[in-house]
Every structure is written in C-alpha cells, then in structure tokens.
Amino acid sequence: MPEQAKPLIPGDKAGFEALMRRHNTRLFRVARSILNQPGLAPYNDGEISPGKSVETDEEILAWVRRDAETALHPSCTAKLGTESDAVVDPTTMAVHGLEGIRVADASVFPFVTNGNIYAPVMMVAEKSADIILGNTPLAAEPVEFYRHRATVAESNATEGRAQ
C-alpha cells in the first residue's frame with residue numbers, strides 16, 4: 001500500500017482517543033505559539049478564549065470538548081487528481097491504494113469556495129454519481145470564476161494576455 005494511503009486513525013477506541021488527545025493538545029499549543037509570535041504582536045490584544053490559565057493537557061482537552069466547533073466549510077482534505085500527492089482518482093472517485101472507498105464531497109475541492117459550499121458539493125455529488133453509475137458525463141464548460149488573489153500569470157491567462 002502506498003505510504004499516503006495507509007490509514008492514520010487507529011481502529012480501536014482507546015488508540016483513537018489517544019491520537020485525538022495528542023492531536024488536539026499539540027494543535028492547540030502550535031496555534032498559541034504562532035499567534036504569540038513577535039510579528040503578530042501589533043494585532044494581538046491577548047488571548048480571549050480559552051485564556052492563559054488553560055495550560056495542561058486536561059485543561060486543553062476540557063476546553064476543546066466544551067467549545068470547539070468548525071467556523072468554515074471543511075473542504076480540500078482529499079486532493080482529487082492523478083499527481084503523486086493526490087488522494088482521490090478523478091475517473092472513479094476512489095481513494096488511491098484502497099478498495100471500496102470513494103469520496104464524493106467537499107474533501108476533493110482544490111481550494112475553499114468563495115461562497116456557500118452547498119452548490120459545489122451537489123455538483124461533486126452529481127458528477128460522482130454519474131461516474132460511479134457509468135453514465136457518460138457531460139463535456140466540461142470553460143467557465144470563468146473569481147479566485148481571490150490570483151497570481152499575475154493566472155490573471156493574464158484568464159484574460160488571454162501574454163505574461
């Protein structure tokens with residue numbers, strides 16, 4: 001099995017809980033460290049939540065259990081493509097190196113959408129259903145779209161200008 005296809009989550013409950021404990025406490029400490037770097041000092045009025053008093057693993061985990069939530073639309077975690085770092089095969093929606101696992105949601109997005117995630121997820125689902133059922137997909141349409149902070153090369157290519 002290719003290295004990137006090996007499951008990272010233990011199959012037993014105790015192993016999973018230990019992984020989440022290490023993962024959540026490490027992420028918390030890394031985020032706190034990044035946000036307290038000198039370069040961010042002009043924008044840092046101090047930690048609001050959970051506050052500096054939360055230090056131990058148990059305190060961090062208690063805060064995560066109580067307050068953690070997603071604020072954005074989770075996406076872009078299982079790259080669709082044929083490159084060596086891609087996770088999902090675009091011709092089958094199957095996970096590279098695994099049998100019987102397909103991904104048909106926002107995980108395969110190349111980047112976070114500019115608006116609500118509902119319509120793009122429905123399109124991925126419809127396209128995936130057609131692929132899985134063996135239906136002939138419609139031809140791709142060259143449709144322009146807005147991408148925040150596009151590079152000069154991307155902007156010129158979209159507008160048909162040379163670099």
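By class, how many nonpolar, polar and charged residues does the lining of the largest pocket have?

Modeller: This is a predicted model, in which local features need pLDDT of at least 70 and side-chain atom pairs count only at pLDDT 80 or more, while totals for chains, interfaces and linings use all residues. Residues are numbered from 1 along each chain as its sequence is written, and side-chain values use heavy atoms, with hydrogens and water left out.

The lining of the largest pocket has 18 nonpolar, 4 polar and 4 charged residues. Here Ala, Val, Leu, Ile, Met, Phe, Trp, Tyr, Cys and Pro count as nonpolar, Asp, Glu, Lys and Arg as charged, and the others, Gly among them, as polar. A pocket is an open set of points on a 1 Å grid over the protein atoms alone, with protein on both sides within 12 Å along at least five of seven lines, and lining residues have an atom within 4 Å of a point. The space in the largest pocket is about 990 Å³, a volume being what is filled by probe spheres (1.4 Å probe) set on the points, which are joined across faces, edges and corners. Of its 26 lining residues, Leu80, Pro120, Met123, Val124 and Lys127 are the closest to the centre.

Val124 also belongs to the largest nonpolar core, which has 12 residues, including Met93, Val103 and Ile131. Such a core is a set of buried Ala, Val, Leu, Ile, Met, Phe, Trp, Tyr and Cys residues joined through side-chain atoms within 4.5 Å, where buried means under 20% relative accessible area (1.4 Å probe, protein chains only). Leaving aside residues up to four places away in sequence, Met93 touches Leu80 and Val124, among others; contact means heavy atoms within 4.5 Å. A second, separate core of 5 residues includes Val54, Ile60, Trp63 and Val64.

Trp63 is also one of the residues lining the second largest pocket, whose volume is about 260 Å³.

How values were computed. Buried < 20%, exposed > 50% of the residue type's maximum accessible area, 1.4 Å probe, protein only.
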